[in-house]
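Here's a walk through one model, written for someone who likes to know the cut-offs behind the words. Have the viewer open as you read.

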Amino acid sequence: MSNTALQPSESEMKMEMENAVENALSESSLSPKIDLDSCVQTLLELLNIPSPTGFTEDAITYVASFLNDLGIVYERTPKGALVWHLFADSKVSDANQARSVAVHIDTLGAIVREVKPSGRLKLSPIGSYKWATIEGEYCKIHTQSGKVYTGTVVNIKQSSHLFGEELERLERNAKTLEIRIDEKTSSKEQTKSLGINVGDFISWDSRATLTESGFIKGRHLDNKASVAIALAVTEALVKSGQKPASDMHFFVSNYEEVGHGAAAGIPSDTKELLCIDMAVIGEGQQGSEYGVSLCAKDSSGPYDYAMKQKLSQLASSNDIDLKVDIYPYYGSDASAAWRAGGNFPTALIGPGVDASHSYERSHKKALKATAELLLAYCLTD
């Protein structure tokens, strides 16, 4: 037998390096610590609560219940947004100088536009997305009476055995996509007898999943990931008893996907507004599913330079993976607040999300990085 020590295989060495990186990423000098498992669980639960814009009450109730468990008093604005506060030490805080953090809980969806003679449903989209991204999706129809039906988005020539090449040439749009209801109905009258009618909300099933490799995938990571992050940071501060450097307002908007979520309701003493929303990743972008991104400019123009510098410095000093990007087809609650006359600087950060406004995916590391940057922001004057 040879006396030469056995050398680790290439796969074993790779695994050892990955574990070392994972362990390094799990360590943070920030205190208090973010409970990442709790954050992920909160996100999965939120993803499974339907909340298309205009139909967000159940999801907001979930957030309110989370805050109740922490003993935090919250408020509802006349428009339906939810606001809670974390207060700085009264000896150092300036009562007239608070900071606000905006996240949105409303998602993409649709409304019944027409009950067709076939008994199927025409759609009117809520939010901005391409029709092709919802073909084949499972959905729920929420009737005025409260009864919920399930269905599937199909096109008018769905069967390849019947339509052949016609199916390939078919454009996906409001005229060609419809909802097939999971009920025995083949006429307008039968569908209406179920209580389904024009104006009923339609939600897309998230199909939220956590993989063994740490990916969270499903519809509506935009922007429930950021809501879960805001709650995780709040939980960390409350449970540790640590105070933020200045009074903090957390604003959960419910009309962001249609462009006017934070146009009203941001607390009047706000000296700066940090918006947390999904970060666009893909070809040409610096960000990834494993970190937090900062948006320097979107379709509304550039965000505040000084806040950008401050957040970049916070990330650097706390070893947080931050990348800067530009989002050419994007708007946020921060830009909505500015358009409405908000007289404060704004910035936009968020966890990297793949395939935005479709079947999305991110990683636990992105949640962690974004939560740690938000925590550092709360703790730094």
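G218 sits across from E360, which belongs to strand 19. Before going on, a word on provenance: this is a predicted model, so local features need pLDDT of at least 70 and side-chain atom pairs count only at pLDDT 80 or more, while totals for chains, interfaces and linings use all residues. Residues are numbered from 1 along each chain as its sequence is written, and side-chain values use heavy atoms, with hydrogens and water left out.

Strand 11 (residues 215-218) pairs with strand 19 in the antiparallel sense, over four bridges. Pairing here takes at least two bridges found by DSSP between two strands. Strands (E, at least two residues) and helices (H or I, at least four) are DSSP runs numbered from the N terminus. The open sheet has three strands in the order 10-11-19, with antiparallel pairing. Strand 10 (209-210) and strand 19 (360-363) are its edges, each pairing on one side only.

Two helices come up against these strands. Helix 7 (residues 221-240) lies across strand 11 and strand 19, at about 30 degrees to strand 19. Helix 10 (residues 364-379) packs on the sheet and touches strand 10, strand 11 and strand 19, with its direction making about 65 degrees with that of strand 19. For those angles, axes are lines fitted to C-alpha atoms, for helices over the stretch in contact, and the values run from 0 to 180 degrees between N-to-C directions. Contact itself means heavy atoms within 4.5 Å.

What does L210 touch, leaving aside neighbours within four places in sequence? Its contacts are V40, L44, F215, I216 and K364. L210 lies in strand 10 and counts as partly exposed, at 39% relative accessibility. The scale is simple: buried is under 20% relative accessible area, exposed is over 50%, and partly exposed is in between (1.4 Å probe, protein chains only). L210 and S362 are 152 residues apart in sequence, with 9.9 Å between their C-alpha atoms.

V112 faces L123 in strand 5. Strand 4 and strand 5 also form a hairpin with five residues between them, and G119 in the turn has a positive phi of about 90 degrees. The pairings go like this:

| Strand pair | Sense | Bridges |
|---|---|---|
| Strand 4 (109-115) and strand 5 (121-126) | antiparallel | six bridges |
| Strand 4 and strand 9 | antiparallel | two bridges |
| Strand 6 (138-142) and strand 9 | antiparallel | four bridges |

Most residues other than glycine have a negative phi, and most peptide bonds are trans. H220 has a phi near 80 degrees, positive though the residue is not a glycine. H220 lies in the loop between strand 11 and helix 7 and is buried, with a relative accessible area of 8%. H357 also has a positive phi, about 60 degrees, without being a glycine; H357 lies in the loop between strand 18 (346-353) and strand 19.

As for cis bonds, the one from S31 to P32 has omega near 5 degrees, and P32 lies in the loop between helix 1 (10-26) and helix 2 (36-47). Another cis peptide bond joins D222 and N223, with omega about 10 degrees; N223 is in helix 7.

On a 1 Å grid over the protein atoms alone, a cavity is a set of points where a 1.4 Å probe fits but cannot get out, a pocket is an open set with protein on both sides within 12 Å along at least five of seven lines, and lining residues have an atom within 4 Å of a point. Grid points are joined across faces, edges and corners, and a volume is the space filled by probe spheres set on the points.

The largest pocket holds about 670 Å³. Of its 30 lining residues, S128, Y329, Y330, G331 and H357 are the closest to its centre. Helix 9 (residues 333-339) gives the most to that lining, with three residues.

The largest cavity has a volume of about 40 Å³. Its lining is T107, L108, W204, R219, H220, D222, H357, S358 and E360.
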